[in-house]
Amino acid sequence: MTKKMIKNILQQVEANHTLDKSEIISLLRIGGNELLNAANDIRKTYLGNEIYLRALVEFSNYCCRTCYYCGLRAENKNAQRYRMTEDEIVSLAEKAYNRGFKTIVLQSGEDLHYSIDEYCRIIEKIKKNDIAITLSIGEKSFGEYKQLKSAGADRYLLRIETTNKDLYEKYHPNMSYENRLRCLEDLKSLGYEVGTGSLIGLEGQTIEMIADDIMFFKRINADMIGLGVFIPHPQTPLGQSSAGDFDLALRAVAITRLILPDINIPATTAMETIRKNGRLAALLSGANVVMLNIADEFYKTKYNIYPDKSGINQNLDEMLAELETSIKPIGYKISDSKGSHLVSNKKT
Ligand code: 5AD
């Protein structure tokens, strides 16, 4: 594949927003700055220069799952567990609203402590303010997703992590790939804005598998795609694996933007953790969303999905100031809209 061929692929995708698997593989292997810049151009055409902010509340780090890569896995006895009360969650949402956030993301391990009724009460209380709610609380039944939606939840995040069934089932004991897909389909059919995504750099994952992931995002009509880069956590079975490749993850972000020009793509915390200014690089390669953790340090330091997470020692004012300072020179600004996925009427 020559530079010229890459250029041709990029010209074609800017016009029709489709790529076949071999083209995605080529771009994942060797797409350079041309790829990243093309993604940034498309992002500007479809979404302008605005960055959507989300207030993230990691309300419980208890988890009944044993995913091989995650520090919150049930078998990690060293994790210091916490669980916020209903009132604490609602008051953090109030704080987010008062600080101007238009979306709150409620995320946790898969914690069976909270009942669906309790979640519904929390959602109804938060919804007294005009704020969008994104849930990220794992696999539930159709009926449960339906109740949560009726209570007022707007969006749901559930990464597929990898679309390779064998790899998925290897790293997610006692979980099934089919059920993961079922959840995503249920969420879509219930009218949620649905976010999914993958972990880049899992041991055994190939470039072909990442290309399949990207094609999957398009096939299921995702509204949001979060791509994280794998960071080994010492107290997990993958603790001795090497970290994922930041540049590969960045190319995956860019390619996702090329074929899904108007969706929401966060510049994930993992990208900033593994590379200084990684968040900014993602925002310049197609990403358009930033999630800021608004909880106190006490909680942030305990939500150890992976070690040394970026931002855990900063307070909200510091995080906001740093973000503003970093995006100003590149001509981006923070949006004051809810930042829903507005399906563009530009030809896709
Ligand atoms: N490195 C990077 N990302 C991780 N996640 C879990 N463990 C790790 C890790 N070790 C991601 C998963 C999950 C999200 C909340 O965090 O993709 O969906």
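A residue counts as near a molecule if one of its heavy atoms lies within 4 Å of it. This is a predicted model. In the model, a ligand is surrounded by residues that include Arg159, Glu161 and Ile231. Two helix pairs are also described here: α3 with α10, and α2 with α10.

**Surroundings of the ligand**

- The residues around the ligand are Tyr69, Cys70, Arg159, Glu161, Leu199, Val229, Phe230, Ile231, Ile305 and Tyr306.
- Sorted by class, this shell holds eight nonpolar residues, two charged residues and no polar ones.

- Glu161 has a side-chain N or O atom 2.6 Å from an oxygen atom of the ligand.
- Arg159 places a polar side-chain atom 2.8 Å from an oxygen atom of the ligand.
- At Ile231 the backbone takes part: one of its polar atoms is 2.7 Å from a nitrogen atom of the ligand.
- The ligand taken alone exposes 400 Å², and the protein buries 87% of that area.

**Packing of α3 and α10**

- Helix α3 spans residues 33–47 and helix α10 spans residues 246–259; their axes are 9 Å apart, at an angle of about 40 degrees.
- Angles under 35 degrees count as roughly parallel and those from 65 to 115 as roughly perpendicular, so α3 is oblique to α10.
- The crossing of α3 with α10 is left-handed.

**Packing of α2 and α10**

- Helix α2, residues 21–30, also packs with α10: the two axes come within 8 Å and cross at roughly 140 degrees.
- Only angles over 145 degrees count as roughly antiparallel, and α2 and α10 are therefore oblique to each other.
- α2 and α10 form a right-handed crossing.

Terms used: Residues numbered from 1 in each chain as written. Predicted model: local features only at pLDDT ≥ 70, side-chain atom pairs only at ≥ 80, totals over all residues. Heavy atoms only, no water. Polar contact = N/O pair within 3.5 Å; in protein donor to acceptor, adjacent residues only side chain to side chain. Areas by Shrake-Rupley, 256 points an atom, 1.4 Å probe, with all protein chains shown as cover. Nonpolar A, V, L, I, M, F, W, Y, C, P; charged D, E, K, R; others polar. Axes fitted to C-alpha atoms, helices over the stretch in contact; angles between N-to-C directions. Helix = DSSP H or I, 4+ residues; strand = E, 2+ residues; numbered from the N terminus. Left-handed = near helix turned anticlockwise from the far one by under 90°.
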